[in-house]
Amino acid sequence: MCELYSKRYTLALRKKHIGPSCKVFFASDPIKIVRARRQYMFDENGEQYLDCINNVAHVGHCHPEVVKAALKQMELLNTNSRFLHDNIVEYAKRLSATLPEKLSVCYFTNSGAYHGHLSSLIEISPYKFQKGKDVKKEFVHVAPTPDTYRGKYREDHADPASAYADEVKKIIEDAHNSGRKIAAFIAESMQSCGGQIIPPAGYFQKVAKYVHGAGGVFIADEVQVGLGRVGKHFWSFQMDGEDFVPDIVTMGKPMGNGHPVACVVTTKEIAEAFSSSGMEYFNTYGGNPVSCAVGLAVLDIIENEDLQRNAMRVGNYLTELLKKQKAKHTLIGDIRGVGLFIGIDLVKDHLKRTPATAEAQHIIYKMKEKRVLLSADGPHRNVLKIKPPMCFTEEDAKFMVDQLDGVLTVLEEATGTKSESVTSENIPCKTKMLKEAHVELLRDSTTDSRENPSRKRNGMCADTHSLLSKRLKT
């Protein structure tokens with residue numbers, strides 16, 4: 001195996017030389033991964049883990065065609081985009097061909113295109129700024145998440161899309177009444193960190209109408225959900241129909257299958273307006289020949305291996321398996337998703353939909369013991385996220401669900417949540433068992449005792465109230 005140090009020494013070196021704000025998965029018992037192939041990862045002992053969370057390795061870890069493309073181009077040339085080179089224009093042309101016609105101008109970056117480390121982006125990202133000491137800036141407006149399971153307007157609402165869109169309309173009106181103008185609305189096409197939220201059909205069309213009417217632009221964030229993951233379409237925003245076209249689309253992560261490459265695609269009109277400001281855009285590594293060669297290889301593999309259709313077929317199969325588990329296990333409150341983007345919302349009470357946060361943390365650690373990698377996210381960290389490499393198979397889906405079934409069965413038996421009818425004389429005993437089991441649950445799920453357990457997300461630091469990917473900027 002490819003390792004320089006023992007796991008223990010690697011961890012010690014990390015604590016010494018890597019900043020403490022850089023967290024690891026499963027902090028109480030981190031996994032040391034030394035190699036990966038397709039949908040599998042391997043630790044230093046050769047143990048195989050089924051990867052259900054690495055959407056970045058879009059076409060599969062270490063895909064030989066991606067490796068070959070990178071190596072071939074690196075042997076020839078790697079430089080910046082101020083020199084003419086065919087790869088950047090070919091990649092821009094190929095990407096544009098997957099999008100609506102008006103989205104035709106590309107700006108390549110070397111990483112992210114996401115809400116990460118610039119203050120200007122953190123300011124419009126509740127997921128980020130609600131973790132820190134900063135408060136929401138007065139020019140930022142956070143709209144309610146269009147969540148029809150746990151949100152303000154639920155599945156029994158006659159028209160949740162209009163109701164949630166009207167919330168945005170009200171925000172715009174309030175901004176105007178305060179003497180402000182609307183610059184942009186930005187949202188993930190489907191929320192990932194927000195808890196695998198699928199917006200109700202028609203929501204984005206209505207929001208875009210209000211935003212455009214106020215003079216703003218609509219930005220669709222496809223970083224986690226694009227490039228065929230939803231199965232039915234290449235881009236997630238296309239689920240809302242041909243009459244909905246964002247003004248700007250951000251994409252990244254899966255584009256390079258692990259190689260750092262990202263892109264912002266927009267219209268000719270917006271690109272010309274940006275240029276007329278006099279500001280040059282230059283990114284030393286953005287659009288370099290190697291990155292573009294990798295990106296082109298990823299597009300080829302998606303097409304040649306029919307991965308978009310695989311996402312739909314395997315995703316549908318996995319969703320059906322999970323729905324059967326929902327009927328069997330009281331902890332599962334909701335199964336939602338499209339293609340290979342699926343969430344399992346865990347609850348303590350189906351009527352109140354009380355988030356089962358501790359249980360979710362317990363489950364992901366137990367699944368790790370079963371050699372299945374899952375993560376928990378959402379504002380309450382109670383949603384199990386499934387977004388594996390696109391080469392995920394039906395056999396993988398069956399294996400994952402079988403392991404989850406076993407973990408849920410043991411957990412429900414331990415806590416007594418499986419029993420629907422309990423005689424009165426058994427209630428005190430059940431109550432005691434529930435308390436004892438809950439204490440054990442928290443003990444199993446707790447990470448490093450020096451860290452605040454209320455801020456854990458799959459072994460990573462996270463605020464309980466980190467919410468919402470929908471925001472307006474004035």
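Me: How much of the protein is made up of buried residues?
Reply: Buried residues make up 50% of its 474 residues. Buried means under 20% relative accessible area, exposed is over 50%, and partly exposed lies in between (1.4 Å probe, protein chains only). Keep in mind that this is a predicted model, where local features need pLDDT of at least 70, side-chain atom pairs count only at pLDDT 80 or more, and totals for chains, interfaces and linings use all residues. Residues are numbered from 1 along each chain as its sequence is written, and side-chain values use heavy atoms, with hydrogens and water left out.

Me: OK, how many helices and strands are there?
Reply: The protein has 13 helices and 18 strands. Both are DSSP runs numbered from the N terminus: helices are H or I with at least four residues, strands are E with at least two.

Me: Where do helix 10 and helix 12 sit relative to each other?
Reply: Helix 10 (residues 307-328) and helix 12 (residues 394-415) have axes that come within 9 Å and cross at roughly 15°. That makes helix 10 roughly parallel to helix 12. For the terms, axes are lines fitted to C-alpha atoms, for helices over the stretch in contact, and angles run from 0 to 180 degrees between N-to-C directions. Under 35 degrees counts as roughly parallel, over 145 as roughly antiparallel, 65 to 115 as roughly perpendicular, and the rest as oblique.

Me: And which residues of helix 10 and helix 12 meet?
Reply: From helix 10, the list includes Arg313, Tyr317, Leu321 and Lys328, and from helix 12 it includes Glu394, Met400, Leu404 and Asp405. Contact here means heavy atoms within 4.5 Å. The residues of this contact divide into nine nonpolar, one polar and five charged. Ala, Val, Leu, Ile, Met, Phe, Trp, Tyr, Cys and Pro count as nonpolar, Asp, Glu, Lys and Arg as charged, and the others, Gly among them, as polar.

Me: What about helix 6 and helix 7, at what angle do they pack?
Reply: Helix 6 (residues 160-177) and helix 7 (residues 203-213) pack at about 20°, with axes 8 Å apart. That makes helix 6 roughly parallel to helix 7. Among the residues making the contact are Tyr164, Val168 and Ile172 of helix 6, plus Tyr203, Val207 and Tyr210 of helix 7.

Me: Then helix 3 and helix 9: how far apart are their axes?
Reply: Those axes are 9 Å apart, and helix 3 (residues 86-97) packs against helix 9 (residues 289-304) at an angle of about 35°. Residues that meet include Ile88, Tyr91 and Leu95 in helix 3, and Cys292, Leu296 and Leu299 in helix 9. By class, that contact has eight nonpolar, two polar and three charged residues.

Me: Switching to Ser291, is that residue buried or exposed?
Reply: Ser291 is buried, with a relative accessible area of 2%. Ser291 is found in helix 9.

Me: What does Ser291 touch?
Reply: Leaving out residues up to four places away in sequence, Ser291 touches His259, Pro260, Val261 and Tyr285.

Me: Last topic, the loops. Where is Arg38 found?
Reply: Arg38 is in the loop between strand 1 (33-37) and strand 2 (40-43). Arg38 has a positive phi of about 55° although it is not a glycine. At 36% relative accessibility, Arg38 counts as partly exposed.

Me: And what about Asn257, buried or exposed?
Reply: Asn257 is buried, at 9% relative accessible area. Asn257 is found in the loop between strand 8 (248-251) and strand 9 (262-266).
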